[in-house]
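Okay, thanks for making time, everyone. Let me put the model up and walk you through one part of it.

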Amino acid sequence: MTSLPLSQLLLHVATAVQAVRDGRSLNDALARCPAEARPGTQALAFEVMRKLGAAEVLRRRLVPKPPPPFVDALLLSVLALMWPGEEQEGAEVAVDGARYAPHTLVNQAVEAAKQRARASASFVNAVLRRFLRELPAQVAAALADPLARYNHPRWWIERLQADWPDHWQALLAANNSRPPMTLRVNARRGTPEAYVQRLAEAGLEGRVAGPHAVVLAQPTAVQRLPGFAAGDVSVQDAAAQLAAPLLIGDGLPAGARVLDACAAPGGKTAHLLELADLDVTALDSDPNRLARVRDTLARVGQRATLVAADARDTAAWSQGRPFDAILLDAPCSASGIVRRHPDVRWLRRSTDIPTLAALQGELLDALWPLLQPGGRLVYCTCSVFQAEGRQVIDAFLQRETGASVASERPSPGHLLPLADNPGEGHALQPGASPDGFFYALLTKS
Ligand SMILES: C[S@@+](CC[C@H](N)C(=O)[O-])C[C@H]1O[C@@H](n2cnc3c(N)ncnc32)[C@H](O)[C@@H]1O
């Protein structure tokens, strides 16, 4: 953890929280944070994102009229950090190895206010001290509001209730947990079993969690991973590691033409090329993100043809040559990876979901004609919403009579980020606790 004073970190955290409330991603906000403050700010800001709903409810109870944006963001940050959840008692706050007593948080928040909004310092002091005085009653009252109880927007809670009536509460709780750090071992360089041994020699603990997957006992900086710079291993969740084997199936002929239609930053492109000798076209509409595919492939020692284009505009980029296989890892709400991106729930709007579902359908419609007869297409999204998974595929199969769900191996369907994988059938290893994903494997008659 950083040695910067907590008041400095709180200034950066409040700036990041204000950016998210203005619609910018936490990653972008953290990228603007001075390097020496970034790890400490990130640890605190992630914690704040997981409790921001409760903080909003508390702030409205304590101060009905919103204060100026920065002061509001500072209050919300500290209220979130002090939120005790259902325990309803103030206790030390532990974040990434550091522990803060509630009165320390209040004092440091007042210091932070003095630096950025001097006139509001006594107001910040008064609000936060009142919260501590009234804590059990304030928390009990706030918990009556689902925004505080589940720390997700109401529309998100309702969508999960409709989509997963037996699992919605577990899904909401999982979104507020810390995800495991999972590695993909480069199949050209070794096995997961051998890599677990290399980890042990480096003083790190991991266990095999799939054909190429290793889960670390504790997350760590990638620089500490043996062979990371040389491309022996990459960071990739166990659910994301299903894409490449599903597309390759029992094997694609050497040199088979494969399209990775939404490729950046290239995790699945790299996995495809680690598993087979393929002629891969990696396409993405965002040229900046596409540059990351080049870096990813260079690190693992692979090559692909990179194309910056809108995948739907096939006339502009495809030159009419069909592909043997297509991976469509479509843009989505990212509702399956909230553990890793806790700001996502506050950035999305309910109206984004039908817009994204329409885009996903357009991508399928545009790419399907590029697939050879007999070819395979994997559609996936890192979403747990049925509207971006099952419903997109059901609607596509209605429109496209030449498409069918492949019979040679089960399509995983929806995977939920829960330890016992109660998704739609295809289980990863028990206890894998994968990211939320949807997978369908289609074939063309
Ligand atoms: C889920 S991410 C892909 C992750 C990637 N497959 C991986 O495993 O690293 C979706 C990507 O789709 C891209 N994208 C969004 N709309 C697109 C479009 N119309 N055509 C092509 N790419 C698009 C985004 O820029 C983003 O990089």
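So, α14 is mostly covered, with seven of its nine residues buried; buried here is under 20% relative accessible area, using a 1.4 Å probe and protein chains only. The buried ones are Lys268, Thr269, Ala270, His271, Leu272, Leu273 and Glu274. Helices are DSSP runs of H or I, at least four residues, strands are runs of E, at least two, and both are numbered from the N terminus.

Quick housekeeping: this is a predicted model, with pLDDT of at least 70 needed for local features and 80 or more for side-chain atom pairs, while totals for chains, interfaces and linings use all residues. Residues are numbered from 1 along each chain as its sequence is written, and side-chain values use heavy atoms, leaving out hydrogens and water.

Now the ligand. Of the 21 residues around it, Asp284, Arg289, Asp310, Ala311 and Asp329 come nearest, where being near takes a heavy atom within 4 Å.

Leucine 283 has valine 307 as its bridge partner in β9.

Key:
Buried means under 20% relative accessible area, exposed over 50%, partly exposed in between (1.4 Å probe, protein chains only). Two strands pair if DSSP finds at least two bridges between them.
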